[in-house]
Amino acid sequence: MNRTLLAALAAATALGAAAAHAEITIGVTLGATGPGASLGIHYKNAFQLMPKTLGGEPVKYIVLEDGSDATNAGKNARKLITEDKVDAIMGSNGVPSSLQIAQVAFETKTPYVCLTPIALPPEKYHWTFVVPQPTELMMGAVAEHMKANGVKTVGFIGFSDGWGDLMYKATTHHAAAYGYKVVTDERYARADTSVTGQVLKILAAKPDAVVVGGSGTGGALPHVALVERGYKGRIYHNHGTVNAEFIRVGGKAVEGAVAPTGPLIVPEELPASYPTKAVSSEFTKRYEDTFGAGKRNAFGGYSYDGVLILNAAVPAALKKAKPGTPEFRAALRDALEGVKNVVGSHGVYNMTPTNHNGQDERARVLVRVENGVWRLLK
Amino acid sequence: MTPEIVAWLAQDGITNGAIYALLALALLLVFTVTRVIFVPQGEFIAYAALSLALMESGRVPGTIYILLAGGALAAAMEVASAVRQHALARLPRILALYVVLPAAVAGAVWWAVPRNLAQWAQVLLVLAMVVPLGPIMYRVAYQPLASASVLVLFIVSMAVHYVMMGLSLVFFGGEGLRSRPFSDGQFQLGVLNVSAQSLWVVAASLVLIAALWFLFERSIYGKALRATAVNRVGARLVGIPANLMGQLSFLLAAFIGAVSGILISPITTLYYDTGFIIGLKGFVGAILGGMVSYPLAALGALTVGLLESFASFWASAYKESIVFTLIIPVLVWLSLRSRHVEEEEQE
């Protein structure tokens, strides 16, 4: 008898608690397998380090696997929204996948925190908020550095996919303003066994510097081939390439490579006054404590910052509606548009109705490979 | 385009073409003997290359777990069939082949990894790890369906490919790896600066092709393989065991794949899923040879290598499209030339 009473009491308390704290649900789709696995694994890892509450309310993350496939990503997004009634959706680790999710978010009126830099027509941005730095912002740092070093001609070699296209666009975007000319647009695939043809063509054009639009270890192949063929100019990479594996694969050949990245790659070297120093240091330390020394990368930070932005927006949305309702989703979207000075591991976010990324120069630093590690370029 | 560039591109194309030629030969061998379109051929490249790179960095490659588990599975299937046929005398041999041998290899790898042996010893260990996966794969996945149609066998191949690729991601991770070159030497050959590693690739391919020719022309096993390829039923009638031939062809295919992987891992970055696309280009080479002739397949593969190299100079964004488009005219020509035959006879 007593035991039954206790159980009933416990159940009643639990019910009461549930009623007082409506749980927030965040749906996530990522590809930790398939061609984008090397990035997706890090994006996914970060969800083990996420806060257990958002704006003071308990939160549940539902993480689905899409195999780096755009169709699957779209299906996952639809499933999360219709079956799990998520309040916001996050993902994925590839431009095509993220475009699919953005479309689903737009149709179902669900706030979407996008984890890849994508470009959308303005009306589609209504429900989408992009965490990573725009490629133009990142490559702007490279353009500045090239101008300071008197670079007049630039050879480009990049992936033959959406990422390569984005990087080429970003590199040519700054050409006029910073006084250089892009003289080649060579493409290769991550799985290629040789880039000799492309490299020969770049060498024939004799550019002052080369920009590589690859990502991760895939950026090493053209760099090594250029060095082997005796290219003496500076070789620039992009924020997708900055990790320890790139140096492990490239070895001595990639010494001196310069790339833009978020401040969380080199938090130890940032000046104490740097706005993200505390958040970047803490996240990088927790990530490496959990997944091993030297595992720091930009991708986990995007997942983390995405949740921090949601965390900042949730209190305002909670005042208007209860989680799990369309009203809450609409309120959350409005709140996301108004978040100010959210300090993440990558930068400081200030959203406006016309800028759904909200980052500035504080979200980028230049790093260089020195003695086998990425160091802050001062 | 200067003559110098042509020479560079040709050198690059021949190096890659040599690898594709080896793979084309392996694919052709497996296809003619067992009628299997061997999609997982590329996996042996990735497994060998990534295992070598991991051993060099002082880590135990996960390949040994696949070897142990695969061996145990094959042993269980063999034991079950031996018990059914009341042929218990076969048991010691089964256990020795599928359990003791993989365990010995795994033990040797465990022992060798922290000792950081010389490179040739690591290469031998990698071969010992990867090559037995071929016959084990045949025993587990293909032998029970050996007389099924080409299409069924092809679908089995796709399944095996996905399983192997998934395991590869689990054990090797998503990032690429690269192993140390056999030698850092460079030779001046006219305008060309030929790296010793690319000479290794070409020389090893030539040696392997010669060895294969010798095997088929001079050894009894090679002749039995050829007989099976020409006529499976006839070969069985004269006492050539079909299952043994299947395993033998898979053993050779795995060996060729593993050697290719070891040869190219110092000159490029390999990923857990790279093997497939390399194998596919070998397959294009084999198709250019009409899937029947070894010299034509090797020639076709060399064409693929050269075409790829020149395409990457002229129109790098369309390189893959150009290489794979090559199949279409060849297939059209083949289908116009040969009269339509029904899928092979029912046995």
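## Exercises on a two-chain model

G94(A) has 16% relative accessibility and so counts as buried (under 20% relative accessible area; exposed is over 50%, partly exposed in between, with a 1.4 Å probe and protein chains only). The model is predicted: local features need pLDDT of at least 70, side-chain atom pairs count only at pLDDT 80 or more, and totals for chains, interfaces and linings use all residues. Residues are numbered from 1 along each chain as its sequence is written, chains are lettered from A and ligands numbered from 1 in the order in which they are written, and side-chain values use heavy atoms, without hydrogens and water.

**Exercise 1.** Locate K85(A) and K109(A), then classify the exposure of K85(A) and of K109(A).

Step 1. K85(A) lies in the loop between α3 (70-82) and β4 of chain A. Its phi is positive, about 50°, though K85(A) is not a glycine. Its relative accessibility is 45%, so K85(A) is partly exposed.

Step 2. K109(A) is in the loop between α4 and β5 (112-114) of chain A. K109(A) is not a glycine either, yet has a positive phi of about 55°. At 51% relative accessibility, K109(A) counts as exposed.

**Exercise 2.** Describe how α6(B) packs on α11(B).

Step 1. Helix α6 (residues 133-142) and helix α11 (residues 242-264), both of chain B, have axes 7 Å apart at an angle of about 135°. That angle makes the pair oblique (under 35 degrees is roughly parallel, over 145 roughly antiparallel, 65 to 115 roughly perpendicular, the rest oblique).

Step 2. The crossing is right-handed.

Step 3. Now list contacts, meaning heavy atoms within 4.5 Å. α6(B) supplies G134(B), P135(B), M137(B), Y138(B), R139(B) and Y142(B), while α11(B) supplies A242(B), N243(B), G246(B), Q247(B), F250(B), L251(B) and A254(B).

**Exercise 3.** Which residues touch the most other members of the largest nonpolar core?

Step 1. This core has 95 residues, and F38(B) and Y142(B) touch the most other members. A nonpolar core joins buried Ala, Val, Leu, Ile, Met, Phe, Trp, Tyr and Cys residues through side-chain atoms within 4.5 Å.

Step 2. Helix α1 (residues 3-34) of chain B gives the largest share, 14 residues.

Step 3. Leaving out residues up to four places away in sequence, Y142(B) touches V36(B), F38(B), P40(B), M137(B), L153(B), V156(B), S157(B), V160(B) and F250(B).

Step 4. Another core of 61 residues lies apart from this one, and includes Y61(A), M90(A), Y304(A) and A317(A).

**Exercise 4.** Characterise the pairing of α1(B) with α8(B).

Step 1. The axes of α1(B) and helix α8 (residues 196-218) of chain B cross at roughly 25° and come within 9 Å. The two helices are therefore roughly parallel.

Step 2. α1(B) passes α8(B) in a left-handed crossing.

Step 3. Among the residues that meet are I14(B), A18(B) and L25(B) from α1(B), with V201(B), L208(B) and F216(B) from α8(B).

Conventions. Axes are lines fitted to C-alpha atoms, for helices over the stretch in contact, and angles run from 0 to 180 degrees between N-to-C directions. Helices (H or I, at least four residues) and strands (E, at least two) are DSSP runs, numbered from the N terminus. A crossing is left-handed if the near helix is turned anticlockwise from the far one by less than a right angle, and right-handed if clockwise.
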